[in-house]
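This briefing goes through one protein chain by topic. Please keep the sequence and the 3D view open while reading.

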Amino acid sequence: MMNIKEVTLMTGITASTLRYYETEGLLPFVKRDDNGKRLYDQEDLEWIHFVTALRLTGMPIVQIQKYVRLFHEGDETIAERKKMMLEHKGEIEKKISELYRNLDKINYKLALYDVLEAQINNTDIKI
């Protein structure tokens, strides 16, 4: 078992964020010791990494709460949870595609600058 400080060092997530996630029901299994201090185990770390991945990829907290609620309901919600993940995956893939299109525009502009610099300096373009 780990305390909150150890988990913050392992994950890079602040203690206040961990407490917030727990308060919002995103970390459903965090235990407490006799003094009320949080105790984290490997399953909690897996949830933290999962929730962090969902948040970093833009999933709203309300959606994560729904996922956790469905998880608590058991195996009969697997299809619905899978559907949620597939929809989120689709949104991520769309964002990645947009990022690549924008990166292509930036790369094109950089190539133009290479040409302009070569013309100004009377040098050959290195490919």
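Helix axes here are lines fitted to C-alpha atoms over the stretch in contact, and the angle between two of them runs from 0 to 180 degrees between N-to-C directions. On that basis, α3 and α4 pack at about 145 degrees, with 10 Å between their axes. The model is predicted.

**The α3 and α4 pair**
- The crossing of α3 past α4 is right-handed.
- From α3, the residues Trp47, Phe50, Val51, Leu54 and Arg55 take part, and they meet Ile61, Ile64, Tyr67, Val68 and Phe71 of α4.
- By type, the residues of this contact are nine nonpolar, one charged and no polar.

**The largest nonpolar core**
- The largest nonpolar core contains 22 residues.
- Val7, Leu18, Leu27, Tyr40, Ile48, Val51 and Ile64 have the most contacts inside this core.
- At least two core residues come from each of α1 (4-11), α2 (15-23), α3 and α4.
- Leu18 is placed in helix α2.
- Leu18 counts as buried because its relative accessibility is 0%, and buried means under 20%.
- Beyond its neighbours within four places in sequence, Leu18 is in contact with Ile4, Val7, Thr8, Ile13, Leu27, Tyr40 and Ile48.
- Leu18 and Tyr40 are 22 residues apart along the chain, and their C-alpha atoms are separated by 11 Å.
- Ile48, with neighbours within four places again left aside, is in contact with Val7, Thr11, Ile13, Leu18, Leu27 and Tyr40.

**Helix α5**
- α5 covers residues 78-121, which makes 44 residues.
- From first C-alpha to last, α5 reaches 63 Å, close to the 64 Å expected at 1.5 Å a residue.
- Arg81, Met84, His88 and Ala118 are the buried residues of α5.
- The cover over these buried residues includes α3 (42-56) and α4 (61-73).
- Asn122 follows α5 and has a positive phi, near 50 degrees.

**An exposed loop residue**
- Asp34 sits in the loop between β1 (31-32) and β2 (38-39).
- Asp34 counts as exposed because its relative accessibility is 84%, and the cut-off for exposed is over 50%.
- The C-alpha atom of Asp34 is separated by 35 Å from that of Glu76, with the two residues 42 apart along the chain.

Methods. Residues numbered from 1 in each chain as written. Predicted model: local features only at pLDDT ≥ 70, side-chain atom pairs only at ≥ 80, totals over all residues. Heavy atoms only, no water. Helix = DSSP H or I, 4+ residues; strand = E, 2+ residues; numbered from the N terminus. Expected span 1.5 Å × (residues − 1). Buried < 20%, exposed > 50% of the residue type's maximum accessible area, 1.4 Å probe, protein only. Contact = heavy atoms within 4.5 Å. Core = buried A, V, L, I, M, F, W, Y, C linked by side-chain atoms within 4.5 Å. Left-handed = near helix turned anticlockwise from the far one by under 90°. Nonpolar A, V, L, I, M, F, W, Y, C, P; charged D, E, K, R; others polar.
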